[in-house]
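Open the model in your viewer and keep a selection panel to hand.

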Amino acid sequence: MAAVNAVISLIASFFPLASLFIAIFLPAASAIAARLSKPAYVPVYVVGASLLSVAFSYADIGTGLFYVVPAIVSGSLLGLALRRRELLGLSFFLASLVNMAFVYLSFPLIEALTGADFIAFFLNLLGLAEDESAREALPLFFFAYGAAGSGLSALFVSFIPFKQEERPKKRIFSSFEPVFAGVFVIVSLVLVPYHAGMALLFEGFAAVLALLGVPLLAKRPFPFYLVLLLFELLMIFPYVLLNEGGSLKSGLLIASVFLVPLILFEGLSLALPRKGRKPKMEPR
């Protein structure tokens with residue numbers, strides 16, 4: 001897998017647009033390597049694969065540093081998480097943040113090497129150079145870009161049959177998703193009047209974590225889901241009250257209010273007993 005990363009780095013250094021696809025699909029290679037290796041060996045793989053990738057992308061070293069290396073790191077995190085699925089939500093979120101952080105770290109280097117403003121170039125390419133709202137949405141776009149890579153990698157690796165490992169019965173981070181999703185919703189709404197870009201970014205954080213927490217709602221009686229749907233419909237009223245301007249931009253900024261019932265019911269689900277048979281008594 002380290003060799004696969006190196007070869008793809010070499011190809012991408014001659015075809016710059018290929019980097020966009022690398023960050024989405026390449027983490028799967030590292031996820032497989034981390035899933036099949038003993039955890040103690042994963043850091044060795046990450047360091048070795050990263051050094052090889054940077055060395056092979058000599059034609060465009062920025063490709064190796066800021067596209068392939070993040071894919072290796074984030075994919076390895078996911079691979080380790082797939083060994084113990086109670087860590088998957090946390091690792092998925094951290095892997096997405098790693099991808100976003102490397103994208104932003106690449107901007108100064110690109111500007112130093114080429115003298116070009118990558119953000120301006122990207123917005124010009126999309127015909128949105130004069131649109132201030134598009135510039136504000138860039139942090140959310142880069143996070144979603146990293147999340148797409150992490151999600152596709154996790155989906156791809158989940159179809160590969162692995163030997164089942166003994167896992168703890170209790171999910172260690174079962175409360176991570178709803179708790180932090182709720183915190184991010186509050187932060188997003190507080191930031192709306194001050195910084196639209198950061199408000200959108202934290203709204204994206206909350207949405208991803210709320211979706212990762214959906215499995216907590218499994219195996220509930222039908223009235224549980226009916227009440228959840230009713231609360232979602234009732235959120236239309238606070239949404240209309242908060243969206244005084246009625247514009248699309250302000251509507252997107254406060255759309256996180258619709259996540260509130262989902263997050264609350266995920267938290268409630270943690271406290272309720274699971275629907276199903278009671279465990280059988282063991283013989284003496």
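The chain has 15 helices and 0 strands, where helices (H or I, at least four residues) and strands (E, at least two) are DSSP runs numbered from the N terminus. This is a predicted model, in which local features need pLDDT of at least 70, side-chain atom pairs count only at pLDDT 80 or more, and totals for chains, interfaces and linings use all residues. Residues are numbered from 1 along each chain as its sequence is written, and side-chain values use heavy atoms, with hydrogens and water left out.

Colour by accessibility. Of the 284 residues in the chain, 41% are buried; buried means under 20% relative accessible area, exposed over 50%, and partly exposed in between, with a 1.4 Å probe and protein chains only. Next, draw contacts (heavy atoms within 4.5 Å). Among those between residues at least 6 apart in sequence, 76% join residues at least 24 apart.

**Stop 1: the cores**

Select Phe-93, Phe-143, Phe-184 and Phe-205, which touch the most other members of the largest nonpolar core, a set of 31 residues. Such a core consists of buried Ala, Val, Leu, Ile, Met, Phe, Trp, Tyr and Cys residues joined through side-chain atoms within 4.5 Å. Two or more of its residues come from each of helix H6 (88-114), helix H9 (138-158), helix H10 (176-191), helix H11 (196-212), helix H12 (222-234) and helix H15 (259-271). A second, separate core has 11 residues, including Leu-26, Ala-34, Val-42 and Tyr-45.

Zoom in on Phe-143, in helix H9. Phe-143 counts as buried because its relative accessibility is 1%. Leaving out neighbours within four places in sequence, the contacts of Phe-143 are Phe-93, Ser-96, Leu-97, Met-100, Leu-201, Gly-204, Phe-205 and Val-208.

Then move to Phe-184. With neighbours within four places in sequence again left aside, Phe-184 is in contact with Phe-93, Phe-202, Phe-205, Ala-206 and Leu-209.

**Stop 2: a glutamate in H15**

Select Glu-266 in helix H15. Is Glu-266 buried or exposed? Its relative accessibility is 0%, so Glu-266 counts as buried. Not counting residues up to four places away in sequence, Glu-266 touches Pro-178, Ala-210, Gly-213, Val-214, Leu-216 and Leu-217.

**Stop 3: two helix pairs**

Two packed helices are described by the angle between their axes and the distance between the axes. Axes here are lines fitted to C-alpha atoms, for helices over the stretch in contact, and angles run from 0 to 180 degrees between N-to-C directions.

Show H12 and H15, whose axes come within 9 Å and cross at roughly 150 degrees. The two helices are therefore roughly antiparallel; angles over 145 degrees count as such, under 35 as roughly parallel, 65 to 115 as roughly perpendicular and the rest as oblique. On the H12 side, pick Phe-224, Val-227, Leu-228, Phe-231 and Glu-232; they meet Pro-261, Leu-262, Phe-265, Leu-268 and Ser-269 in H15.

Finish with helix H1 (residues 2-14) and helix H4 (residues 42-56), where the axes come within 8 Å and cross at roughly 25 degrees. H1 is therefore roughly parallel to H4. From H1, Ala-2, Asn-5, Ala-6, Ser-9, Leu-10 and Ser-13 meet Tyr-45, Ala-49, Leu-52, Ser-53 and Phe-56 in H4.
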